[in-house]
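Trainee: I would like to learn how to read side-chain features in a model like this one. Could we go through it together?
Mentor: Gladly; have the sequence and structure open beside you.

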Amino acid sequence: MESGIPIEITGLSKHFGHVVAVDDLTFTVQPGRVTGFLGPNGAGKTTTLRVLLGLVHPNAGTATFGGTPYASLPRPLETVGAALDANFHPGRTARDHLKVYATATGLSKARVPVVLEQVGMTEFADRRVGGYSLGMRQRLALAYTLLGDPGVFVLDEPINGLDPEGIKWIRGFLQSLAHEGRTVLVSSHLLSEVQQSVDEVVIISKGRLVKSGTLVSLELDSAPRTIADSPDREALSAALDEAGLEYTEGRNGFIVNEPDPGRVGHAAFLGGVELNTLHRLKSGLEESFLSLVGGGEE
Amino acid sequence: MSFIRAIGSEFQKVFTTRMWWLLALLLAGYVALMSGGFGAFLGWASANPDAAAAAGGGGTPIAPGLDLAPLVYSFATSIGYVFPVLLGALAVTGEFRHKTLTPTFLAEPHRTTVLTAKFLSQFAMGAGLGVIAFAVSVGTGAAALAGFGLDTGLDDPDTWALIGRGVLAMALWGAIGVGLGALVPNQVAAIVIVIAFTQFVEPILRFTASLNEVTANIGKFLPGAASDALVGASFYNIASLGTAATLEWWQGGLVLLGIALVATFIGGATTWRGDVS
């Protein structure tokens, strides 16, 4: 195994036509920890990862592995293992897929059965990929990242499509990679999906960095709030405005930036609005995350 | 080193999916039908000129003493060339269609190396398809000709030179396929272009060009005409009615090589260099 190398993103910008996908993004990912790369769909996560891997050309800025761009790595698959989208030629078996790329990068074919076993795919290795479930494709994509036993892992939404058993497995897998001193960057649009396996978070929204730090620091950021709902949301909205309370509308009601439910209840009382929900929102990572990325818009 | 590995990887890509032998099988069947069938028909017509003229109602007369063997054998390229083009184009467009450019460029970030490896491996695949096509055209064609007591030409070194040039033509067509795929990464569009151009557009252009001496000198540079010139024989030569201007065999080869290189170069500088998402 190669030692972990930091991932360094500096002043990165990328636009597609008039659409700004990544906007002056700067962050560093350190070895020995699992870093969650979070943001809603369309926040620019995949574009950032594709630029990092030399697949998409940036308009400005750099993305390197310890100062070296991906295309300049002397042995790319032995330095970085990347799984972006679980796309394969449907007519090729998993074993052949891995052999093709082991050949391309000069790795021994003996690695193929090893990595297939590591991701639990030995049993299905000689079936054509066309018949695979999404979970099996995700495992095959992970097997590809393991071919060169690299020190850096870049995984785009690796948990998407896994069954509960698979999710449990990948959590342990990511942690064990980090414990071995490797750099692990895992993207997700759901904090809850990765919060049990990440140590650090990098959160982006609309292509910009909104938070970078430990998972614990994210927890501290989130002040307690109140959730309130009414059969007549318009009236409740008016009552909250009247009382000068700040809020966002969520699926289960209004999330009010006010730790005391009593004051929210009072505001509703003054407005003559019936409430069917009123309680303090537990200080939660997900809420903190959603408030950072703008109320959980997709 | 990385270049050798890239070529090895490209061959594995071809042989780990079914397309290559499906195309090889279709090619063999098509050529067997045409070489065997036409060989038998020409043999019969040549043996019974009066009956043939009566049956054909004044159709293409077979010139007495015309060497039939090269015509029959060259079906391997004159109708078979579409198969290496398709295989070469699919080698490129398949990467776009199945989004496998991501793992490909992760394993070998130098895109020119990958495209050059595709060019050379598909050149070799084209040569392989050429060997299959000529094995079938000579096998069925010689059997048909021999059946009517006609000369099979198999003891003539010119026949074997023709076969060698035919295999080279098929190899060049494979490389042209790579260039086409790089120019037109949309798989359906690339297939439609290959079929439409080789089966309709070019035959019509060649026929139209041959009606006039000036256009005939342009028409001989059409890829199919250049290919027939390289091989040295084609049923087009007896099927076409007007002036049959042709290039020297080596000029035909250079035209095909030029098309392959230019298309691959332009595709490599445009679609192949773009963002992979």
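Trainee: In which helix is B:Gly267 found?
Mentor: Two ground rules come before that. This is a predicted model, where local features need pLDDT of at least 70 and side-chain atom pairs count only at pLDDT 80 or more, while totals for chains, interfaces and linings use all residues. Residues are numbered from 1 along each chain as its sequence is written, chains are lettered from A and ligands numbered from 1 in the order in which they are written, and side-chain values use heavy atoms, leaving out hydrogens and water. Helices (H or I, at least four residues) and strands (E, at least two) are DSSP runs, numbered from the N terminus. B:Gly267 is found in helix H14 (residues 249-269) of chain B.

Trainee: Is B:Gly267 buried or exposed?
Mentor: Buried means under 20% relative accessible area, exposed over 50%, and partly exposed in between, with a 1.4 Å probe and protein chains only. B:Gly267 has 0% relative accessibility, so B:Gly267 counts as buried.

Trainee: And what does B:Gly267 touch, not counting residues up to four places away in sequence?
Mentor: Contact means heavy atoms within 4.5 Å. On that basis B:Gly267 touches B:Ala182, B:Leu183 and B:Trp272. For a C-alpha distance, take B:Ala175: 92 residues separate it from B:Gly267 along the chain, and their C-alpha atoms are 13 Å apart.

Trainee: How many residues of helix H1 of chain A are buried?
Mentor: Seven of the eight residues in helix H1 (residues 45-52) of chain A are buried, so the helix is mostly covered. Among them are A:Lys45 and A:Arg50, along with A:Leu49 and A:Val51. After H1(A) comes A:Gly54, with a positive phi near 75°.

Trainee: Which residue forms a salt bridge with B:Lys118?
Mentor: The partner is B:Glu10, and the closest N and O atoms are 2.7 Å apart. This pair links distant parts of the chain, 108 residues apart: B:Lys118 in helix H8 (residues 111-147) and B:Glu10 in helix H1 (residues 2-15) of chain B. B:Lys118 is buried, with a relative accessible area of 1%, and B:Glu10 is buried too, at 5%. Shared partners join B:Glu10, B:Lys13, B:Glu95 and B:Lys118 into one network of salt bridges.

Trainee: What is the nearest side chain of opposite charge to A:Arg92?
Mentor: For charge, Lys and Arg count as positive and Asp and Glu as negative, with His and the chain ends not counted. A:Arg92 is buried yet has no salt bridge, and the nearest side chain of opposite charge is A:Asp96, 6.4 Å away. A:Arg92 sits in the loop between strand E5 (80-83) and helix H3 (94-104) of chain A.

Trainee: Which backbone oxygen does the side chain of A:Arg92 reach?
Mentor: The side chain reaches the backbone oxygen of B:Lys13, at 2.9 Å. Leaving aside neighbours within four places in sequence, the contacts of A:Arg92 include A:His97, A:Arg127, B:Thr16 and B:Thr17.

Trainee: How is a pair of aromatic rings described?
Mentor: You give the distance of the centres and the angle of the planes. Rings of Phe, Tyr and Trp (its six-membered ring) pair if their centres lie within 6.5 Å; planes under 30 degrees apart count as stacked, over 60 as edge-to-face and the rest as tilted. The count comes to 14 aromatic pairs over all chains. A:Phe65 and A:Tyr70 have centres 6.1 Å apart and planes at 65°, so the pair is edge-to-face. Both of these residues, A:Phe65 and A:Tyr70, are buried.

Note on methods:
Salt bridge = Lys/Arg side-chain N within 4 Å of Asp/Glu carboxyl O. Polar contact = N/O pair within 3.5 Å; in protein donor to acceptor, adjacent residues only side chain to side chain.
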